[in-house]
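Hi,

Here is the structure I said I would pass on. Have a look at it first, and then read on for what turned up.

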Amino acid sequence: MAISQRTHVVADFLYRRRARPENLASLPFWIEDQLDDIERSADFLNDIPQVADSPPDNPKIGLRRYAVTPWDPGQGVDRWYTWNGTAWVPDAPVTGL
């Protein structure tokens with residue numbers, strides 16, 4: 001199965017500011033490109049693991065959430081879950097620490 005940024009969590013975008021154009025006529029295009037890059041970078045922040053009391057609207061495969069009350073994805077609260085494309089699967093407990 002092909003991996004798509006629409007359906008999978010893909011950590012491949014990090015914003016880096018590009019050099020400003022010397023030609024002022026190109027400045028509006030440069031600004032638009034910069035804002036698009038910032039938006040993509042901000043969208044990625046929704047995919048990082050975080051605490052949640054309700055499921056996200058459009059989960060992607062590989063998305064992780066730490067479920068807290070009132071949300072119970074099926075195996076109890078106060079634990080990590082990963083979206084596998086059809087269901088929230090509890091992560092294996094960490095032992096031996």
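How much accessible surface does the protein have, and what share of it belongs to carbon and sulfur atoms? The surface comes to about 7400 Å², and carbon and sulfur atoms account for 55% of it. Before the details, please keep in mind that this is a predicted model.

**Overall layout**

The protein has 1 helix and 4 strands, and from the N terminus on the order is α-β-β-β-β. Of its 97 residues, 15% are buried. As for contacts with a separation of 6 or more, 22% of them are between residues 24 or more positions apart.

**The helix and the segment before it**

Helix H1 covers residues 27-45, and glutamine 34 is one of its residues. Is glutamine 34 buried or exposed? With a relative accessible area of 5%, glutamine 34 is buried, because the cut-off for that is under 20%. Neighbours within four places in sequence aside, glutamine 34 is in contact with Tyr15, Arg17 and Arg18.

Arginine 16 also lies in the segment before H1. At 60% relative accessibility, arginine 16 counts as exposed.

Aspartate 37 is buried, at 9% relative accessible area, whereas arginine 18 is partly exposed at 38%.

Arginine 64 is partly exposed, with 29% relative accessibility.

Which ring does the charged end of arginine 64 sit over? It is the ring of tryptophan 80, with the charged end 4.6 Å from the ring centre. Arginine 79 does something along those lines too, lying over the face of tyrosine 81 at 5.9 Å from the ring centre.

On to the aromatic pairs, of which the structure holds 3. In one of them, the rings of tyrosine 66 and tryptophan 80 have centres 5.3 Å apart and planes at 70°, so the pair is edge-to-face. Tyrosine 66 is in strand E2 (residues 64-67) and tryptophan 80 in strand E3 (residues 79-83), so to speak of sequence, they are 14 residues apart.

**The tryptophan cluster and the core**

Tryptophan 83 and tryptophan 88 form a tilted aromatic pair, 5.3 Å centre to centre and with 55° between the planes. Tryptophan 83 is buried at 15% relative accessible area, and tryptophan 88 is buried at 13%. Which residues do ring pairs link into a cluster? They are Trp71, Trp83 and Trp88.

Those three tryptophans are also part of the largest nonpolar core. That core has 7 residues in all, and Ala52, Leu63, Ala67 and Tyr81 complete the set. Tyr81 is the residue whose ring face has arginine 79 over it.

What does tryptophan 88 touch, leaving aside neighbours within four places in sequence? Its contacts include the core residues Leu63, Trp71, Tyr81 and Trp83. Several prolines are on the list as well, namely Pro55, Pro56, Pro59 and Pro73. Arg65 and Thr82 are the remaining contacts of tryptophan 88.

Best wishes

Terms used:
Residues numbered from 1 in each chain as written. Predicted model: local features only at pLDDT ≥ 70, side-chain atom pairs only at ≥ 80, totals over all residues. Heavy atoms only, no water. Phe/Tyr/Trp six-rings, centres within 6.5 Å; stacked < 30°, edge-to-face > 60°. Helix = DSSP H or I, 4+ residues; strand = E, 2+ residues; numbered from the N terminus. Buried < 20%, exposed > 50% of the residue type's maximum accessible area, 1.4 Å probe, protein only. Lys NZ or Arg CZ within 6 Å of the ring centre and 35° of its normal. Contact = heavy atoms within 4.5 Å. Core = buried A, V, L, I, M, F, W, Y, C linked by side-chain atoms within 4.5 Å. Areas by Shrake-Rupley, 256 points an atom, 1.4 Å probe, with all protein chains shown as cover.
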